[in-house]
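Colleague: Could you take me through some local features of this model, with the cut-offs stated as you go?

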Amino acid sequence: KPHRGHLYTWASTDRVVYTYAREGTGDHPAQILANFQGTLVADGGSSFNQAASKPGVVRAGCWAHARRKFWDARDTDPRHVHHALETIREVFQLERRFRELSPDDRARQRRAVTWPILQALRAWCQALTLSEPPKSPLAKAANYVLRQWHTLVVFIDDGDIPAHNNLSELLLRQPVVGRKNWMFAGSEGGAQTAATWFSLIGSCMVNAIDPWLYLSDVLPRLNSWPAKRVLELEPAAWRAQRLSQRA
């Protein structure tokens with residue numbers, strides 16, 4: 001009998017890894033991040049709670065997910081939703097403005113410019129929860145911001161941390177859009193293999209590499225390539241080698 005599997009995406013600016021898990025519980029993220037120390041940018045899903053609760057791990061929230069909660073409430077109270085969406089839009093526009101700054105300068109600008117905007121949004125959400133029915137879509141969106149507030153503001157003081165995890169969301173979209181074409185992996189081994197291929201193609205995408213060009217060069221070399229040097233063939237390293245050869 002077929003079962004439903006789960007595909008996770010782990011992304012940085014130059015590397016992407018997809019992993020498959022049979023169950024969508026917190027055990028899989030915790031296992032993947034068993035040796036991880038640093039900031040984990042993720043949505044508010046409970047499946048990341050176990051991984052984020054380990055010592056040395058800081059959880060940062062995603063403003064795109066907070067925005068989505070308000071977007072889903074747009075038909076119930078357009079006026080209030082418009083205010084929330086415009087405020088979050090302003091934060092994203094500031095992020096685009098700060099993109100070329102150094103991490104330290106970006107954090108300074110966030111504290112000076114973005115932080116007052118978010119404080120005002122928090123106060124607005126608090127007032128909204130007092131006037132709206134608790135189960136209304138708008139109140140749920142406001143409560144999401146308040147519940148996740150401690151994670152949503154982590155990016156303010158850390159210029160290396162983005163305000164959202166849209167990169168991983170975009171990369172997860174690739175296998176999701178075509179999933180009816182490959183609905184059945186055939187086996188758990190097939191699902192693991194699919195995750196490996198998605199990882200290679202996704203890493204090519206974030207490195208602006210033509211996947212066909214990359215695979216055509218790398219695959220014929222694998223049989224004779226030393227196993228201990230295999231990471232020299234991953235997309236980010238491959239791209240760096242190509243650039244050095246042109247220099």
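This is a predicted model: local features need pLDDT of at least 70, side-chain atom pairs count only at pLDDT 80 or more; totals for chains, interfaces and linings use all residues.

Modeller: Residues are numbered from 1 along each chain as its sequence is written, and side-chain values use heavy atoms, with hydrogens and water left out.

Colleague: Which residues of α8 are buried?

Modeller: Helix α8 covers residues 166-177, helices being DSSP runs of H or I with at least four residues, and strands runs of E with at least two, numbered from the N terminus. Buried means under 20% relative accessible area, exposed over 50% and partly exposed in between, with a 1.4 Å probe and protein chains only. On the other side of α8, Arg173 and Val177 are exposed, whereas the buried residues are Ser168, Leu171 and Pro175.

Colleague: Why do the buried residues of α8 line one face of the helix?

Modeller: The arc is that of the directions from the helix axis to the C-beta atoms. Seen down the axis of α8, the buried residues line one face because they fall within an arc of 70°.

Colleague: Where is alanine 208, and what is its phi?

Modeller: Alanine 208 lies in the loop between α9 (188-206) and α10, and is exposed, with a relative accessible area of 71%. Most residues other than glycine have a negative phi. Alanine 208 has a positive phi, near 55°.

Colleague: What is the relative accessible area of leucine 231?

Modeller: Leucine 231 sits in the loop between α10 (211-218) and α11 (235-246). Leucine 231 is exposed, and its relative accessible area is 65%.

Notes:
The expected span of a helix is 1.5 Å times one less than its number of residues.
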